[in-house]
Amino acid sequence: MVSWIVNLKGRIRSTSNYAFTGEHSKFRRHESLFFGVCNLSILLSLKSRHTKTRVPFNFQNPLRCSSPLSIRSLSRKLYPVKATVVQEDEEEQVVVERSFPTKSPPGTEIEEVGASRANSSSSGLERWVIKVEQSVNIFLTDSVIKILDTLYRDRDYARFFVLETIARVPYFAFISVLHLYESFGWWRRADYLKVHFAESWNEMHHLLIMEELGGNSWWFDRFLAQHIAFFYYFMTVFMYALSPRMAYHFSECVESHAFETYDKFIKAQGDELKKKPAPEVAIKYYTGGDLYLFDEFQTARAPFSRRPKIDNLYDVFVNIRDDEAEHCKTMKACQTHGNLRSPHSYEDDFEDMTDCMIPEADCEGIVDCTKKSFTPTQAKQTETVDGNI
């Protein structure tokens, strides 16, 4: 019907150009009346077809648009936005599902997010503290190295005597603090005591070798080494009680310098050292019958995996250098709390002795030890031990 009316309008308009020129004004009035009727019929037909999509004129739009056309155009623009929001919601849901497994109970997502944020903030603070500790240790180590370089530029054995006197002090300090913790019931891990004693035993034999080579012949060298060791002991005790990680890192810096010093000396004096005999104390220590303590401080190696051969003085310094490298590895492992374990400690050896073993207890620094001494867990362990005894 609509197409027929439109065609009729086109024919009437085409014939009006030449067939009704005489009565132009009269025809125009009839034509306008006819076209008005046609337009009205067209609108009525469109209204009957699109009654479901008709937008009322009193439509309350949040944007307060008054034109229906503008409402239609805005509605077309709003639909993709809604779809985009749905897609964004779906993407966010996927990310949440990947971050938090679906097996977690409802309501734990918020707690896990809060815990992760707290852990990230605490880890950031811990990284900052570690950086400060290591910076202080490096500054102190470099300062001592500059003093030794100035005083012992051409006196190697005297320098080694001072180094070995200083290098064994931290292990005394570690053992002293751990024995104090044991007295208060804060520490029940024998591996640290065994390893640190083996390290001090190794450094003591290094010192005996340097004394046999004449490194302690000058009074000034003995005075300087002993007084540095005296103050170094109390500094290490304080540092170890405050932050064991910092104390272990400082000892690692000292052992690393010792390794580099011996390595340079071997490369520079290797040919001369091969012509000299080895000290008797070195032969007894490295090739003796009982090498339990020699294996004990090498936590990165399996027992019986290293058996030195001592033929001359060159072999002695090579083994001393390798000992310092093993000390570095052990001090590196100690910086992670609870990571140190004696090479001779195996759980299989104690499977049948579980009734006689005391529950292990440890702490990290004097603050952590004091805090754990008032916890119910520590009290329960103490009661259990007393009941077994």
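Student: Before we start, what should I know about the numbers?

Tutor: Residues are numbered from 1 along each chain as its sequence is written, and side-chain values use heavy atoms, with hydrogens and water left out. This is a predicted model, so local features need pLDDT of at least 70 and side-chain atom pairs count only at pLDDT 80 or more, while totals for chains, interfaces and linings use all residues.

Student: How do you know how many helices and strands the protein has?

Tutor: Helices are DSSP runs of H or I with at least four residues, strands are runs of E with at least two, and both are numbered from the N terminus. By that rule the protein comes to 14 helices and 0 strands.

Student: What makes the span of helix α12 agree with expectation?

Tutor: The expected span is 1.5 Å times one less than the number of residues. For the 22 residues of α12 (residues 313-334) that gives 32 Å, and the end C-alpha atoms are 32 Å apart, so the two agree. Helix α7 (residues 190-212) passes the test as well: its 23 residues reach 33 Å, close to the 33 Å expected.

Student: Why is H196 called buried?

Tutor: Buried means under 20% relative accessible area, exposed means over 50%, and partly exposed is in between (1.4 Å probe, protein chains only). H196, which lies in α7, has a relative accessible area of 0%, so it is buried. Across the protein, buried residues make up 35% of the 389 residues.

Student: What makes α9 largely enclosed?

Tutor: In α9, 21 of the 30 residues are buried, so the helix is largely enclosed by the rest of the structure. For α12, 17 of the 22 residues are buried.

Student: What makes the H196 and E199 side chains a polar contact?

Tutor: A polar contact is a pair of N or O atoms within 3.5 Å; within protein, one must be able to donate a hydrogen and the other to accept it, and residues adjacent in sequence count only if both atoms are side-chain atoms. The H196 and E199 side chains are joined at 3.0 Å. At the start of α12, a side-chain oxygen of N312 reaches to within 3.2 Å of the backbone nitrogen of Y314.

Student: Why is the F174 and Y240 pair called tilted?

Tutor: Rings of Phe, Tyr and Trp (its six-membered ring) pair if their centres lie within 6.5 Å; planes under 30 degrees apart count as stacked, over 60 as edge-to-face and the rest as tilted. F174 and Y240 are 4.7 Å centre to centre with 35° between the planes, and the pair is tilted. The pair links helix α6 (residues 169-183) to helix α8 (residues 219-242), with the partners 66 residues apart. F174 and Y240 are both buried.
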